[in-house]
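Subject: The structure for you to look at

Hi,

Here is the structure I said I would pass on.

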Amino acid sequence: MTPQQAHAIPDVQNLNDSRKLAIDKVGIKSIRHPVRVSDKNGGVQHTIAVFNMYVGLPHNFKGTHMSRFIEIINGNEREISVESIEPMLREMVKRLEAETGQIELTFPYFINKSAPISGVQSLMDYEVTFTAEIREGGAYSFTMKTVVPVTSLCPCSKKISQYGAHNQRSHVTVTAQTNSFLWIEELVQIVESQASCQLYGLLKRPDEKYVTERAYDNPKFVEDMVRDVAGLLNAEPRIDCYRVESENFESIHNHSAYALIECDKRAGLGAG
Ligand SMILES: Nc1nc2c(ncn2[C@@H]2O[C@H](COP(=O)(O)OP(=O)(O)OP(=O)(O)O)[C@@H](O)[C@H]2O)c(=O)[nH]1
C-alpha cells in the first residue's frame, strides 16, 4: 500500500458528530502490561498491571483514536514505572486532543511479613489500583486504592455466647486521594492495625494461637472497622479524601455484612 493509498483510507473517527452528546470516558480497558513498583524497603517489585486508559470526547467528534492509547503504553519503557504514569497521562491527553483523561492500573503487590510469635517470613499479596486523572480545568489528581484482607470477629456473637464467636475473613478497601507521596505499606498498615487481626501467609502453631486469641480480644463489626480506619485516615495529612469499605464474608450467613464511610476532608464533607 502506498502512502497515498493509506492516506485515502477514510478516517471515520475524525468525522463530525451532530448529536450534541459529549462522552465522559472513552478509550481502552483491560490491557495487561509489565510494571515496576518501588517498595518501602528500598526494593523494586516487577509485576503485571491491568491498565484502563480513557479520555473525554467532545460532542462534535465521532470517535477517539484508540490506536494512540496503545502507542503511548508501548512508547514508554518496556516495564512501566509508577513515576511514568503522570507523564503518560499528560502525553495521552495531548495526543488524543482531549481536555480530560484517566489512567488506572491494577496490580498484585507483595509485602513480606513476619509471623507474630515465630517470626517466620512470608509474602502476602494485596490488590492495588493507582489512578492518575486530569479533570476539567486541568487539575491533576492521584488516587491509590488497596484491598486489605483481614480477620473480623463479631462483638455480638462474642457477647451473647458462652464460648467462641463467629469470625471470618473480611476485605477492607481504602481508596485515598493523596496530596503527597504515601507508601502502599503505610495504607495497608493503617487498615491492619484496626482489624480483629491481620492475616499472614505463613503461621506456625504458636502464631496460630496468637492470631486466634488476638481476634477474640479485638471484636469488630463492619461499622467498627470503617470508623476506626476513618479515624486514622482523618489524621493523615497526606490524604485529602477517602472511601473506606469493609465487607465481612460472614461465616454464619451466605451473604456479607458491609459498611462504607466516604469523606472529602478539604470540604469538611463526610466523617470527622
Ligand atoms: N473510536 C473507536 N475506535 C475503535 C472502535 N473499535 C475499534 N477502534 C479502533 O480504531 C483504531 C484505528 O483508529 P485510529 O486509532 O484513529 O487509527 P489511525 O487513524 O490509523 O491513527 P491516527 O492517525 O493516530 O488517528 C483501531 O486501532 C481500532 O482498535 C470504537 O468502538 N471506537
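Predicted model: local features only at pLDDT ≥ 70, side-chain atom pairs only at ≥ 80, totals over all residues.

Residues are numbered from 1 along each chain as its sequence is written, and side-chain values use heavy atoms, with hydrogens and water left out.

The overall picture

The protein has seven helices and eleven strands. Its C-alpha atoms fill a box of roughly 80 × 40 × 35 Å along the principal axes. Of its 272 residues, 44% count as buried (under 20% relative accessible area; exposed is over 50%, and partly exposed is in between, with a 1.4 Å probe and protein chains only).

S1 (residues 23–38) and S2 (residues 44–57) run antiparallel and are joined by twelve bridges; two strands pair if DSSP finds at least two bridges between them. Ile 23 has Leu 57 as its bridge partner in S2.

The core

A nonpolar core is a set of buried Ala, Val, Leu, Ile, Met, Phe, Trp, Tyr and Cys residues joined through side-chain atoms within 4.5 Å. The largest one holds 59 residues, and Phe 51 and Val 244 touch the most other members. Leaving out residues up to four places away in sequence, Val 244 touches Val 172, Val 226, Leu 233 and Ile 261, among others (contact means heavy atoms within 4.5 Å). In soluble globular proteins, nonpolar side chains tend to be buried together.

What about Lys 145: buried, partly exposed or exposed? Lys 145 counts as partly exposed because its relative accessibility is 32%.

Helix H5 (residues 184–192) is mostly covered, with seven of its nine residues buried. Two of these are Glu 185 and Glu 192.

The pockets

On a 1 Å grid over the protein atoms alone, a pocket is an open set of points where a 1.4 Å probe fits, with protein on both sides within 12 Å along at least five of seven lines; lining residues have an atom within 4 Å of a point. The largest pocket has a volume of about 450 Å³ (the space filled by probe spheres set on the points, which are joined across faces, edges and corners). Its lining has 22 residues, with Val 82, Phe 130, Phe 142, Phe 181 and Leu 182 nearest the centre. S6 gives the most to that lining, four residues.

The second largest pocket comes to about 360 Å³. Among the strands that each supply at least two residues to its lining are S2, S6 and S7. That lining divides into four nonpolar, seven polar and six charged residues (Ala, Val, Leu, Ile, Met, Phe, Trp, Tyr, Cys and Pro count as nonpolar, Asp, Glu, Lys and Arg as charged, and the others, Gly among them, as polar).

Cheers
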